[in-house]
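Please keep the sequence and the structure in view while reading.

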Amino acid sequence: MTDQSLSLPKAGKHDEDIDRLFGKNGPLSSSVGEFRSRQFQMEMAKEIAQAIVDAKTLIAEAGTGTGKTFAYLVPALLWGGKVIVSTGTKNLQDQLFLRDIPMVRKALTAPVSVALLKGRANYLCPFHLERTLENGRLTSREDVGHLRAIKRFQKTTLTGDKAELASVPENALIWNLVTSTRDTCVGAECAHYQDCFVMKARKEAQQADVVVVNHHLFFADIALKDTGVAELLPSANTIIFDEAHQLPDTATLFFGETVSTSHVIELCRDVLAEGLTHARGAVDWAQIVSVVERAARDLRLVFPADSVRLAVSQIAPSSTFFPSLEKLKEELDAMIVTLKGQAERAETIGQCLTRAQDLKHGLEAWQTVIKGKAEGADVLWVEAFSSSLQLHRTPLSIAPVFSKQREEGAPRAWIFTSATLAVKDNFDYFTVQMGLQNEPSRTWPSPFDYGRQGLLYVPSGLPQPNSPSYTDAVVEAALPVIEASGGRAFLLCTTLRAVNRAAERLREEFARRNLSLPLMVQGDAGRTELLDRFRAAGNAVLVGSHSFWEGVDVRGDALSLVIVDKLPFSPPDDPVMAARIDALEKNGGNGFMDYQLPEAIISLKQGAGRLIRDEMDRGVLMICDPRLISKQYGKRIWQSLPPFSRTRDLEAARQFFGTPEASEASPSPEIQEQQAQAEKTQPLPI
């Protein structure tokens, strides 16, 4: 970047610039409508600016309302050099690119170029669109309409980003036929290469000062070298991870390896189509494909119809799984021989050969482990869905891989920020997972007056969460509070089964009590559509699972009650979690206190964060799980939450919605006693 409005500061000399920029009469205040000078935001911006100038690492937790986005964007745009900003979701990517960065860039008059880079599946592929139009392989009338809209879109779009075409849902199946994958991209041999939207996006990213990506894209690139990020990393001076609490799960996903029977069946479909198109009569393509498909389906049928997750060690040696896996590999080998003989006939047949060889490699890796010849600390496990079986190979720890990635190349700044990285100001859970143990970390609290704006209500008399009637009891306890709040509520559940049962009970009770409150349930529509309906209704009740625990921003009166059915501990059947806990305990750690509990606390902090989104919000956080009170670790959990006023009295919770001053509700004796004990060791603001 050149000709910037502020020159590059020397170490420790940028504080005055930050004070001026974020001050009451600074450029942000005069250019950004709702901007207000915040002390913690300025402190955070100074720390980030220093880390950028020194090319160091900083772990920064900023409570809701701190303004962390501006706190990292201002130093990044002015002093960051080549910057990569990675966010948790594509929605947040779009928000940064379309709203936040342009706003800051304009306020600072910083002449920086900005690019948005997504995975190739987000961009229309002219080659695959042309093929689909020619082949007409459509299964519904809806697809026909969508295809017409996409064809018109191709003629007007500059980016090819499917998010721009609102009339065709992003999850519509037609997109699979008109976008490319790493396996199906023809590359430089493609007749449409000069018009390729993926290539254009990557070229713009290489030339831009600031590139906005998402975590999936970032880590997929490290694993696959297919997202364009690999070409950006060597020249990057600053890398910023927003919503950094999601990194361990995302990195685990991409540092591992997965082979799915659905991948095999998709390959078979394409082999048949390409073989009949380019080498009809050369071999019996239908026969070649059918035996591989049958072997893939037989492997899936080894396990029951219901979903199942098992470590390899839990699969009985006498199971048909192992011979079925061998049979699939043998049939895939035979297909590879055929494809090798026909690959010269067409580039697309050559692509099918490469895909088949990759799948074979994945299956062989599994067999190597099963036969006891593998090296390294990987967890092998299977996951069965209704129509597919996935074979996973997941690293026991991502820290070594990520640390190696950070050490490569020239020194650069690494900024990790989120509202939820610490457990009671302790960052160990996050830093150990990411290999960041010796890096500096800071916490800046939220500016909100949680004691006045919010109330934590823990109802009495609920059964233990493993009770068969637990969800019914949660609904019974929640209904009086929902009535008092006039709807305007999220009911956040830890399982989809609980979502469905709670929704069923609420429908019954709303009808019986003549409550005309709109009920919205995860799965009835996409998340964005449900949230739009929720905001518009103003008195709705939304029942959702993990999709609504984070990344959801509903400000104002539309959301005044957040109900959490139970503490969000990971399911005990998770093979990766079980293996990591086992490894931790073998090294002298405590699996529950050092792994399961911190993970649940961070997830709960995210759910609680949906309630108070600005200085004017008020509401009740209702956590139904009795373990918050009955278990010793419960104190550690509620001490990690925002410092709401607290009560176990239903009437106090109901009165909170009566008048603005009702938030002065008195805590119950049980909570008062726990507060007093807690404050002996760590004072908690009330």
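## Two helices that cross

Axes here are lines fitted to C-alpha atoms, for helices over the stretch in contact, and the angles run from 0 to 180 degrees between N-to-C directions. In this predicted model, helix H20 spans residues 470–485 and helix H21 spans residues 496–512, and their axes come within 10 Å of each other while crossing at roughly 50°. H20 is therefore oblique to H21, and the crossing of the two helices is right-handed.

## The contact between H20 and H21

On the H20 side, the residues that meet H21 are Thr-471, Asp-472, Val-475, Glu-476, Leu-479 and Ile-482. Their partners in H21 are Ala-498, Arg-501, Ala-502, Arg-505, Leu-506, Glu-509 and Phe-510. Sorted by class, the contact of H20 with H21 is made up of seven nonpolar, one polar and five charged residues.

## Cysteines without disulfides

How many disulfides does the structure hold? The structure has zero disulfides, a term that calls for a pair of cysteine sulfur atoms within 2.5 Å. Cys-352 takes part in none, and the nearest cysteine sulfur to it, which belongs to Cys-268, lies 9.8 Å away. Cys-352 has a relative accessible area of 3%, so it counts as buried.

Cys-493 is likewise in no disulfide, with the nearest cysteine sulfur, that of Cys-624, at 9.2 Å. Because its relative accessibility is 2%, Cys-493 counts as buried.

Key: Residues are numbered from 1 along each chain as its sequence is written. This is a predicted model: local features need pLDDT of at least 70, side-chain atom pairs count only at pLDDT 80 or more; totals for chains, interfaces and linings use all residues. Side-chain values use heavy atoms; hydrogens and water are left out. Buried means under 20% relative accessible area, exposed over 50%, partly exposed in between (1.4 Å probe, protein chains only). Helices (H or I, at least four residues) and strands (E, at least two) are DSSP runs, numbered from the N terminus. Angles under 35 degrees count as roughly parallel, over 145 as roughly antiparallel, 65 to 115 as roughly perpendicular and the rest as oblique. A crossing is left-handed if the near helix is turned anticlockwise from the far one by less than a right angle, and right-handed if clockwise. Contact means heavy atoms within 4.5 Å. Ala, Val, Leu, Ile, Met, Phe, Trp, Tyr, Cys and Pro count as nonpolar, Asp, Glu, Lys and Arg as charged, and the others, Gly among them, as polar.
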